[in-house]
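Hello,

Here is the structure you asked to look at. Please open it first, then read the notes below alongside it.

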Amino acid sequence: MKKLLTPMFSMLMLFSLAACGGGNSTETVSNSGNTPPSTAPASAPVPTESIASSGEQQPEGENGKTLVAYFSRVGTSSLSEDVDAVTSASLRIGDEGLIGNTKVVVDMVQDVVDGDEFQIVTVEPYPGDFEETTDLALEQQKADARPELATHVENMDEYDVIFLGYPNWWGTIPMPVYTFLEEYDFSGKTIIPFITHDGSSLGRSVNDIRELAPEANILDGLAVQGNRAEDAQDEVNKWLQEIGIVN
């Protein structure tokens with residue numbers, strides 16, 4: 001039975017900051033997603049990591065509990081109720097309101113692994129305006145900021161496997177995910193990253209995760225193009241088989 005570890009916040013938003021090297025790439029929010037727009041200066045191309053899949057990788061641990069943690073603009077941004085989700089490149093209307101691409105993929109992973117779900121939410125919400133959010137995200141990255149979090153995993157010791165979902169913001173994980181990774185001891189745990197993006201794939205995000213959690217076992221990540229998130233279930237299933245989560 002899936003447990004929802006964090007309350008859904010009334011402020012719904014979403015943006016995908018995938019550093020696409022040539023301009024602001026936005027995460028489309030569909031059915032259950034949360035991938036914010038991604039922007040990266042053309043003068044600073046972002047190195048990408050391949051979505052290597054070695055069927056030999058196996059999760060490590062003894063407790064057997066799985067956590068599906070994710071960051072999304074929806075739920076941590078001040079989106080107005082009258083936001084134009086019809087013409088916006090980064091927002092869509094789902095059955096339960098605004099959603100983002102990352103959450104779409106989170107739900108697909110959940111359908112298979114049935115882990116506990118946890119949303120990384122900041123104390124200070126991100127702006128409702130998309131461009132203001134991308135600007136702030138870049139400022140935070142340049143400042144190496146660690147935004148304070150409003151949500152916390154009280155029983156992290158119980159989890160052996162942590163799926164970590166996030167949008168590509170300026171070529172890597174959003175800064176709130178840095179805060180999340182530095183808050184806990186991931187020694188001996190398995191972290192499995194997955195990302196939504198608009199052209200820059202995994203960027204340097206997996207390398208950054210390895211630096212933040214050096215004692216963790218980091219499996220191969222999955223990168224899902226934002227505009228294809230709704231149709232990614234087969235891609236998700238194949239990836240979970242390749243990394244040894246399912247047969």
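**Helix packing**

Helices α1 and α5 (residues 233-242) pack with their axes 10 Å apart and at an angle of about 50°. On the α1 side, the contact is made by V105, M108, V109, D111, V112 and V113. On the α5 side, Q233, V236, N237, W239 and L240 take part. Sorted by type, the residues of this contact are eight nonpolar, two polar and one charged.

Please keep in mind that this is a predicted model.

**Salt bridges**

Side chains of opposite charge can pair when their charged atoms come close. How many salt bridges are there? The count comes to seven.

E117 and K103 form a salt bridge through their side chains, with 3.7 Å from N to O. E117 is in strand β6 (residues 116-120) and K103 is in helix α1 (residues 101-113), so this pair ties together parts that are 14 residues apart in sequence. Are these two residues buried or exposed? E117 has a relative accessible area of 9% and is buried. K103 also counts as buried, at 17% relative accessibility. The cut-off for buried is under 20%.

E182 and R146 also meet in a salt bridge, at 2.8 Å from N to O. Which parts of the chain does this pair tie together? E182 belongs to helix α3 (residues 175-183), and R146 sits in the loop between α2 (130-142) and β7 (159-167), so the pair links parts that are 36 residues apart in sequence. E182 is partly exposed, with a relative accessible area of 44%. R146 counts as partly exposed as well, at 30% relative accessibility.

In the pair D208 and R204, the side chains meet in a salt bridge of 3.5 Å, N to O. D208 counts as buried at 9% relative accessibility, whereas R204 counts as partly exposed at 28%.

Regards

Conventions
Residues are numbered from 1 along each chain as its sequence is written. This is a predicted model: local features need pLDDT of at least 70, side-chain atom pairs count only at pLDDT 80 or more; totals for chains, interfaces and linings use all residues. Side-chain values use heavy atoms; hydrogens and water are left out. A salt bridge is a side-chain nitrogen of Lys or Arg within 4 Å of a carboxyl oxygen of Asp or Glu. Helices (H or I, at least four residues) and strands (E, at least two) are DSSP runs, numbered from the N terminus. Buried means under 20% relative accessible area, exposed over 50%, partly exposed in between (1.4 Å probe, protein chains only). Axes are lines fitted to C-alpha atoms, for helices over the stretch in contact, and angles run from 0 to 180 degrees between N-to-C directions. Contact means heavy atoms within 4.5 Å. Ala, Val, Leu, Ile, Met, Phe, Trp, Tyr, Cys and Pro count as nonpolar, Asp, Glu, Lys and Arg as charged, and the others, Gly among them, as polar.
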